[in-house]
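Student: Could you go through this one with me? I'd like to know what lies behind the labels.

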Amino acid sequence: MTAQNIEPCGEADVYREEILDHSRQPRNKQVMIDATFKSQRRNMSCGDSMEIFVKLGEGEKVAQLTFDGVGCAISQATASMLTEEATGKTLDEIMALSERDIFELLGTEVGPARIRCAMLALETLKKGIEEYRK
Amino acid sequence: MSWFKKNRQNDFPTYKFERGAGRPYHFLDSAASALTPKIVLEAMDLYYRTYRANVHRGLYRASAKATASYEAARENIANFLHAAPEEVVFTRGATESLNLVAYSLAATLQPEDEVVISIMEHHANFVPWQQFAQRFGFKLRIIPITKNFELDKEEARKIIGPKTKILSLVHVSNVLGTVNPVKELSALAHQYGATVIVDAAQSVGHRPVDFAELGCDFLAFSGHKTYGPTGIGALIGRYSALSQLSPFLYGGEMIAEVTKEYSVWNEVPHKFEAGTPNIAGAIGLSAAVDYMQEIGLDELAKHERELTAYAIAQLSTIEDVTIIGPGADQDRGGAVSFSVENIHPHDLAHILGNHGVCVRGGHHCAMPLMQELDLPGTTRASFGIYSQPKDIDALVKAVKYVRNKFGS
């Protein structure tokens with residue numbers, strides 16, 4: 001593809017009703033006091049901050065997952081969806097989640113301008129797992 | 001709008017292209033980069049097609065013509081800003097112009113010296129001084145703003161003093177639209193023998209700018225924000241100030257003599273233009289200057305002033321919208337920043353973009369200002385000579401749409 005043929009904004013609408021619903025009424029958005037571990041990350045260029053709390057059950061399975069923070073609709077909605085998606089998964093299963101899985105969760109691909117917003121929650125969670133395992 | 005007579009959108013090919021593709025197109029991002037008129041494209045095209053050669057030293061027709069056109073561009077830009085041709089140094093843009101001065105001057109500073117900037121500086125006039133302060137140990141002092149988004153002149157008068165060696169100030173804020181009293185503060189800083197640099201990236205091409213009248217030593221601007229091509233801009237420097245400044249880049253053209261042991265610099269401004277310059281860019285920028293002068297700088301300024309007032313008035317009618325900048329009753333630039341409660345500027349700008357309303361959302365390369373204002377960013381609409389009231393109507397309609405979408 002030559003530089004002139006790129007049409008970067010052909011993506012589907014990221015602001016579908018389901019995503020806006022998660023953004024308006026985020027699930028599991030609360031500070032967890034008895035978390036097994038927590039992880040915090042900031043995206044300075046957006047002014048976003050994300051904190052994720054993990055409570056582990058048997059077999060390194062996530063028993064409860066919550067988040068707190070401020071940010072755009074995409075980062076907040078993805079965090080909300082991820083808390084539902086990752087609960088019950090093992091830490092290894094979470095570490096295997098990729099950009100593709102986030103797109104599936106959102107029901108759409110996210111362009112380069114917003115990819116960091118969409119990946120903030122998963123990256124924060126993975127960073128927490130890596131630190132927990134150290 | 002009865003007060004709006006002239007629509008110049010046909011001068012700018014992107015309008016035809018976007019309309020041809022059947023897309024809505026309301027370009028309100030001129031503060032980031034202005035559109036380019038046909039005559040600029042044609043001037044550059046002519047160079048590439050009919051006298052494509054390097055400048056200086058070529059002893060054949062095309063090179064002689066390229067040299068003459070390149071130097072005529074310098075003279076045209078000099079006249080435009082009321083400077084002498086040898087006071088115009090071509091650079092990649094305002095960022096390179098500011099870095100050129102900062103690199104050359106910072107190394108001369110002592111630990112007790114102070115450099116003064118403002119909290120509303122673009123990163124291009126913030127980061128170099130911050131980094132050099134760490135490297136050379138001088139003190140960086142930052143003039144704050146008032147609640148009305150104006151430079152705090154009282155504080156400025158306290159900060160600028162005998163220790164001030166450099167005052168580097170933005171003329172018009174790219175976020176707030178605030179116009180700073182650069183002439184007044186330049187005179188004050190000069191009383192203490194300081195060097196004064198003005199970041200004029202948002203003022204040149206948007207209001208009459210007179211280098212001699214401003215009284216600063218250096219002035220930086222970008223061609224692509226003044227209807228010229230990308231990759232070209234200039235540093236305007238008082239001849240005596242440029243003469244004292246060390247070169248920033250070494251290479252061809254900037255030297256008069258090179259031996260195995262030493263080098264002698266070329267004359268000002270050539271000692272700052274190492275390597276083959278952006279010839280087409282300079283020719284294009286000169287054509288942009290012609291375009292602006294044909295319309296008239298007063299007319300350009302009036303056009304933006306009226307649109308700015310209209311935008312502020314219309315946006316202010318929307319619930320939960322706050323204008324982040326001085327009111328339309330002030331002498332201000334045409335960058336209109338605003339925030340909408342509970343909607344992140346990236347979400348807003350993204351959805352506006354889907355509606356063909358091209359604005360910018362975020363920190364606008366002014367993160368220290370955003371921290372000061374305690375905002376994650378703003379959404380910014382900005383105007384050019386092609387902008388029309390209907391573009392603002394489309395913006396207002398789209399902002400209302402986003403509010404409904406997010407609020408339901």
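Predicted model: local features only at pLDDT ≥ 70, side-chain atom pairs only at ≥ 80, totals over all residues.

Student: How do you know which kind of peptide bond links B:V268 to B:P269?

Tutor: Check omega: it's near 5°, and that bond is cis. Most peptide bonds are trans. You'll find B:P269 in the loop between β10 (263–265) and α10 (279–295) of chain B.

Student: On to chain A. What is the angle between α1(A) and α2(A), and what do we call it?

Tutor: Helix α1 (residues 17–24) and helix α2 (residues 73–86) of chain A pack at about 90°, with axes 8 Å apart. Angles of 65 to 115 degrees count as roughly perpendicular, so that's the name for this pair. On the α1(A) side the contact uses A:E18, A:I19, A:H22 and A:S23, while α2(A) brings A:A73, A:A77, A:S80, A:M81 and A:E84. By class, that's four nonpolar, three polar and two charged residues.

Student: Why is the pair B:D347 and A:R114 called a salt bridge?

Tutor: Their closest N and O atoms are 3.1 Å apart. The cut-off is 4 Å, between a Lys or Arg side-chain nitrogen and an Asp or Glu carboxyl oxygen, so the pair qualifies. The count between chain B and chain A is one salt bridge, along with ten residue pairs in polar contact.

Student: Which element gives the most to chain B's side?

Tutor: That's α12(B), with five residues. By class, chain B's side has four nonpolar, eight polar and two charged residues.

Student: And how much area is buried between the chains?

Tutor: About 1,300 Å², with 53% from carbon and sulfur atoms. In chain B, B:H346, B:H350 and B:K405 lose the most area to chain A, together 35% of what that side buries. The contact takes 14 residues from chain B and 16 from chain A.

Key: Residues numbered from 1 in each chain as written. Chains lettered and ligands numbered in written order. Heavy atoms only, no water. Contact = heavy atoms within 4.5 Å. Buried area = accessible area lost by both parts, 1.4 Å probe. Polar contact = N/O pair within 3.5 Å; in protein donor to acceptor, adjacent residues only side chain to side chain. Helix = DSSP H or I, 4+ residues; strand = E, 2+ residues; numbered from the N terminus. Nonpolar A, V, L, I, M, F, W, Y, C, P; charged D, E, K, R; others polar. Axes fitted to C-alpha atoms, helices over the stretch in contact; angles between N-to-C directions. Parallel < 35°, antiparallel > 145°, perpendicular 65-115°, else oblique.
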